[in-house]
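Hello,

Here is the structure I promised to pass on to you.

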Amino acid sequence: MFTHRIRCVTAEIDGQGVVFNAHWLTYFDDSCTRFMETLGFGPEFWTVEFDVMLVRAELEWKGSARFDEWIDISVAPVRLGTKSFDLHYAASVDGRAACSATITYVAVVPGENTSIAIPAQVRAALEQRTP
């Protein structure tokens, strides 16, 4: 399973001393980018042949993350449709659950809102990682 590591910085902490809720989507977006890179789809691929748009996000907070803590975020595809797919994220701090999410992405033409079928090479790479 792919895991990305992020360190909390001061600007991400709210008045309660924990990571502000909106930053979790940023963490998951960064983890998605790194996950796709490991599959061979770097920035140049995203801007020329394929892009995605987030169409649904379901987050569940299970604990907190604080300033200067390391967050480990595992990423795994859990559903593949014709034009969309779901990635599941599980974030933990020192082995304790912090936040999880399932995010649905739709494949689109780069720079447009026009949905397209998931490209064959992307589908094949995701299928290899889908449980």
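Below is what I found, starting with the overall fold and ending with a few single residues.

First, some ground rules. This is a predicted model, so local features need pLDDT of at least 70 and side-chain atom pairs count only at pLDDT 80 or more, while totals for chains, interfaces and linings use all residues. Residues are numbered from 1 along each chain as its sequence is written, and side-chain values use heavy atoms, with hydrogens and water left out.

**Overall fold**

The protein chain has 3 helices and 5 strands; these are DSSP runs numbered from the N terminus, with helices (H or I) of at least four residues and strands (E) of at least two. Read from the N terminus, the order of elements is β-α-α-β-β-β-β-α. The radius of gyration of the chain is 15 Å, close to the 14 Å that the globule rule gives for 131 residues, so the chain is as compact as a globular protein of that length. (That radius is taken over C-alpha atoms, and the rule is 2.2 Å times the number of residues to the power 0.38.) Along the principal axes, the C-alpha atoms fill a box of roughly 45 × 30 × 25 Å.

Buried residues make up 40% of the 131 residues, where buried means under 20% relative accessible area, exposed over 50% and partly exposed in between, using a 1.4 Å probe and protein chains only. Among contacts (heavy atoms within 4.5 Å) with a separation of 6 or more, 69% are between residues 24 or more positions apart.

**Strand E5 and its partners**

In E5, 10 of the 13 residues are buried, so this strand is largely enclosed by the rest of the structure. E5 pairs with E2 in the antiparallel sense over 10 bridges, and strands count as paired if DSSP finds at least two bridges between them. One of the bridge partners is Ala101 in E5, for Leu59. Strand E4 (residues 84-93) also pairs with E5 in the antiparallel sense, over 10 bridges, and here Leu87 stands opposite Ile103.

**The largest pocket**

How much space lies in the largest pocket? About 160 Å³, a volume filled by probe spheres set on grid points joined across faces, edges and corners. The search uses a 1 Å grid over the protein atoms alone and a 1.4 Å probe; a pocket is an open set of points with protein on both sides within 12 Å along at least five of seven lines, and lining residues have an atom within 4 Å of a point.

The lining includes Phe28, Trp46, Asp51, Ile103 and Tyr105. Helix H1 (23-38), strand E2 (51-61) and strand E5 (96-108) each give two or more residues to this lining, with the largest share, 5 residues, coming from H1. By class, the lining has 8 nonpolar, 1 polar and 2 charged residues; Ala, Val, Leu, Ile, Met, Phe, Trp, Tyr, Cys and Pro count as nonpolar, Asp, Glu, Lys and Arg as charged, and the others, Gly among them, as polar.

**Single residues**

Most residues other than glycine have a negative phi. Asp94 has a positive phi of about 50°; this residue is in the turn of the hairpin that E4 and E5 form with 2 residues between them, and is exposed at 70% relative accessible area. Asp68, in the loop between E2 and strand E3 (70-80), has a positive phi near 75°.

Best wishes
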